[in-house]
Every structure is written in structure tokens, then in C-alpha cells.
Amino acid sequence: QIHRELSDTLHGGDIHIRMRQEVVFGIGGLRALEAVNLKPTVYHMNEGHSAFLAIERMRLLIEQQHLGFSEAFDACRTNNVFTKHTSVPAGIDYYEPGMLYDYFGDYCQRGGIPFDQFLALGRSNPLDSGERFSMAVAAIKTSAFRNAVSSLARQLSPDLFRAIWPNPPPGAVASRTHPPSRPL
């Protein structure tokens, strides 16, 4: 039954269904590629829906290459691409820190990912322990390349993310740029 709830609608269900969908998109998507022995050279995150892909990539680099969190972050983001579609805040999924702990506390501990640094990836202000985790912020921070699907989305995106990227250069949303902020 839960499988049907996850796959019946893309943008429906409660916050737990959305979380599970995003785990499937991100972590499950990467694991599916590995199961069929595909080794992409570029990873694309559509909106923030698959932002957990970057977390899984970091976990694998920590486990398999024995990297630290910061090294895994740097290595992972070099070939991640983020595309912005929705130009309104309502199109971004946010999760409470406690909920993320329920879903990712053990995952982070087993994977060598400090949970506070995991949370910082999805926060505009990484030091604000009460700030909700933004899937879009996590995808932006873990991508070296960002773009938008339309001119309108490109024009409006800097306003949505002003807190993490206060002075983007003209056209930066569609060009290769460095992350607006790094994890702690």
C-alpha cells in the first residue's frame, strides 16, 4: 500500500509521503543507477526533489573513498547540476529538524555524516538550529552548476534565495558558479 501512496501522485500526500518520495527520488535513484551499473558523469537535481542524491553521493565517498565530510562535499558538488522550475516559495519543500532526525539520524550516523552538517546543507542560515531544512537550498548548496527552465524562473530565483546568495552576479543563475555558502 505504501508503494502506491508514494507513486500515485507526484505532488500529493502529506509531509511524510513527500519525504518518502524525495528519499526515493534521490537516494533510491542513485542506488538504482548503481544496481544497473550506470556511472553518470553528471548528476541532475530537478528542483530540490532529489537533493538527497547529493547526500547519498557524499555518504558513498565517505564510505568507499574514506573522505571526510568536507572533502566528500567538495568532490560531490563538482558534477551536480540544479535546475529551478518553480518561482514561488510554495513550490519548495521544507522539513522540520526533528522529522529529518527521525528519517536520517541513523543514516547519517552509519554513513559518517555529522547530522548538524547534514542539516546545515538545507538551511539558509546554517547556524539557526530552528530553521527548517529546505530541499531547494540543499540542492543549490550541493551543486556547482545551476540553471532555470525559463527566463522568468531565472529572473525570480535570486529573490527566492537572497538569504544564501545576497548579491548574485547578472546571469549567475544560468552559469557555472560556486556555492553561495558552504556547510560548517
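Reader: Is Phe 52 buried or exposed in this model?

Author: Happy to start there. In this predicted model, Phe 52 has 1% relative accessibility, so Phe 52 counts as buried.

Reader: And how should I read an aromatic pair?

Author: The general idea is that a pair of aromatic rings is described by the distance of the centres and the angle of the planes. The structure holds eight such aromatic pairs. One of them joins Phe 52 and Phe 133, with 6.2 Å centre to centre and 25 degrees between the planes, which makes the pair stacked.

Reader: Where do Phe 52 and Phe 133 lie in the chain?

Author: Phe 52 belongs to helix α3 (residues 52-65) and Phe 133 to strand β4 (residues 133-134), so this pair links distant parts of the chain, 81 residues apart. Phe 133 is also buried, with a relative accessible area of 1%.

Reader: Why is the pair of Phe 104 and Tyr 107 called edge-to-face?

Author: Because their planes stand at 85 degrees, with the ring centres 5.5 Å apart; the cut-off for edge-to-face is over 60 degrees. Both residues sit in helix α5 (residues 97-111), three residues apart, about one turn of the helix. Phe 104 and Tyr 107 are both buried.

Reader: Which residues do ring pairs link into a cluster?

Author: The cluster consists of Phe 52, Tyr 101, Phe 104, Tyr 107, Phe 115, Phe 118 and Phe 133.

Reader: Which residues does Arg 31 touch?

Author: Leaving out residues up to four places away in sequence, Arg 31 touches Glu 56, Arg 59 and Tyr 107. Arg 31 is found in helix α2 (residues 15-35) and, at 42% relative accessibility, counts as partly exposed.

How values were computed: Residues numbered from 1 in each chain as written. Predicted model: local features only at pLDDT ≥ 70, side-chain atom pairs only at ≥ 80, totals over all residues. Heavy atoms only, no water. Phe/Tyr/Trp six-rings, centres within 6.5 Å; stacked < 30°, edge-to-face > 60°. Helix = DSSP H or I, 4+ residues; strand = E, 2+ residues; numbered from the N terminus. Buried < 20%, exposed > 50% of the residue type's maximum accessible area, 1.4 Å probe, protein only. Contact = heavy atoms within 4.5 Å.
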